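Please keep the sequence and the 3D view at hand while reading.

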Amino acid sequence: MACNVKATDVTDGTTMKTSGVSDRLCIALITDVFHDDPEGQRLDARLAEAKAGGAELAVLPELPLDPWAPASQEWSDDDAEPPDGPRQRRQAAAARSAELAVLGGAIVRDPVNGRRHNTVILFDASGREVAAYRKAHLPDEEGFWETHHYEPGGEAPAVIQALSMPIGIQICSDVNRPEGSHQLAALGAEAIFAPRATPRESYPRWRLVLRANAVTSAVYVISVNRTGPERGVPIGGPSVVIGPDGSVVVETEDPIGLATLERSAVLRARREYPGYLPVRADLYAAGWARVADEASGT
């Protein structure tokens with residue numbers, strides 16, 4: 001399996017200007033976790049295979065170098081680390097070695113206030129951290145006691161201009177509140193990445209939500225799941241790439257899946273229904289301001 005990215009000169013005024021750069025992004029879905037890979041040998045091997053297949057970006061599951069700590073309500077200080085901690089350094093080194101951008105993450109402890117956050121981090125092909133996002137919506141139920149392990153992030157996701165197409169990041173439960181996807185698309189994201197850890201039995205519902213977010217936002221939606229049951233929690237089910245028209249581009253439980261994201265597909269979806277509908281940010285901002293006022297009692 002391989003995917004190729006070609007450079008094009010686009011002159012049509014109805015399309016995005018990509019002169020001299022790629023109009024595609026090849027990604028690798030790494031459906032594997034690496035908490036039992038202390039020297040990073042398996043991670044290095046996965047990334048090398050992804051690179052050989054033509055990938056420019058490898059996408060790892062939620063908390064890829066941690067055991068699934070939220071299986072229990074008991075938290076450990078060892079689950080978290082400061083910025084540039086050992087798990088982050090290992091991912092950065094693997095990205096640098098493979099010369100491949102990596103979307104990974106860790107539970108990162110804020111050095112100022114000590115608060116812990118489930119954080120996705122984008123490393124470029126030199127191993128440099130170029131973006132990070134903190135999970136905003138945390139489950140609190142059997143097997144997913146996340147509120148006991150970290151706090152919700154307090155900032156909306158931002159568009160990242162570090163690859164051959166603008167992207168956004170969410171994490172797992174965040175996709176069940178579509179406002180984040182819609183905002184990212186309105187700000188220019190063409191692909192939204194959402195690493196996750198979800199049960200196999202709930203996958204049909206997740207698939208539905210991911211497809212709906214892709215269609216209503218006119219973006220690619222990519223979600224890579226953890227590989228299987230952990231600590232009594234029935235995690236499992238496919239990793240998936242959804243096209244901006246809602247079509248399923250890739251759906252796999254293989255350790256590595258490859259997909260090519262095409263900017264032309266995003267443009268086409270945004271010209272067609274419902275992509276061409278106005279965003280009406282002013283209208284909804286006013287409505288959400290009322291919600292916020294009621295929630296705060298003002």
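## Asp-77 and its partner

Asp-77 has a relative accessible area of 47%, so this residue counts as partly exposed. The model is a predicted one. In it, Asp-77 makes a salt bridge with Arg-109, and the closest N and O atoms of the two are 3.2 Å apart. The bridge links distant parts of the chain, since Asp-77 sits in the loop between strand 4 and strand 5 while Arg-109 belongs to strand 6 (residues 101-109), 32 residues apart.

## Other salt bridges

Side chains of opposite charge can pair when their charged atoms come close. With a limit of 4 Å between a side-chain nitrogen of Lys or Arg and a carboxyl oxygen of Asp or Glu, the model has 17 salt bridges.

One of them joins Glu-62 to Lys-135, with 2.9 Å between the closest N and O atoms. Here too distant parts of the chain are linked: Glu-62 is in the loop between strand 4 (57-59) and strand 5 (80-81), and Lys-135 is in the loop between strand 8 (129-134) and strand 9 (140-141), 73 residues apart. Both Glu-62 and Lys-135 are buried. Another salt bridge is formed by the side chains of Asp-66 and Arg-87, at 3.2 Å from N to O. Asp-66 lies in the loop between strand 4 and strand 5 and Arg-87 lies in helix 2, so this pair ties together parts that are 21 residues apart in sequence. Asp-66 and Arg-87 are both buried. Elsewhere, a network of salt bridges links Asp-32, Asp-36, Arg-42 and Arg-46.

## Helix pairs

Helix 1 (residues 41-52) packs on helix 2 (residues 86-98) at an angle of about 35°, and their axes are 9 Å apart. The crossing of helix 1 and helix 2 is right-handed. On the helix 1 side the contact involves Leu-43, Asp-44, Leu-47, Ala-48 and Lys-51, which meet Arg-90, Gln-91, Ala-94, Ala-95 and Ala-98 of helix 2.

The angle between helix 3 (residues 179-186) and helix 4 (residues 203-217) is about 30°, and the axes of this pair are 9 Å apart. Helix 3 and helix 4 cross in a right-handed sense. Their contact is made by Ser-181, His-182 and Ala-185 from helix 3, together with Asn-213, Thr-216 and Ser-217 from helix 4.

In helix 5 (residues 263-271), the buried residues are Arg-263, Ala-265, Val-266, Leu-267 and Ala-269. Their cover includes strand 13 (220-223) and strand 16 (256-262).

Asp-23 is in the loop between strand 2 (21-22) and strand 3 (24-30). With a relative accessible area of 16%, Asp-23 is buried, because the cut-off for buried is under 20%.

Leu-283 is located in helix 6 (residues 281-296). The relative accessibility of Leu-283 is 40%, so this residue counts as partly exposed.

Terms used: Residues numbered from 1 in each chain as written. Predicted model: local features only at pLDDT ≥ 70, side-chain atom pairs only at ≥ 80, totals over all residues. Heavy atoms only, no water. Helix = DSSP H or I, 4+ residues; strand = E, 2+ residues; numbered from the N terminus. Buried < 20%, exposed > 50% of the residue type's maximum accessible area, 1.4 Å probe, protein only. Axes fitted to C-alpha atoms, helices over the stretch in contact; angles between N-to-C directions. Left-handed = near helix turned anticlockwise from the far one by under 90°. Contact = heavy atoms within 4.5 Å.
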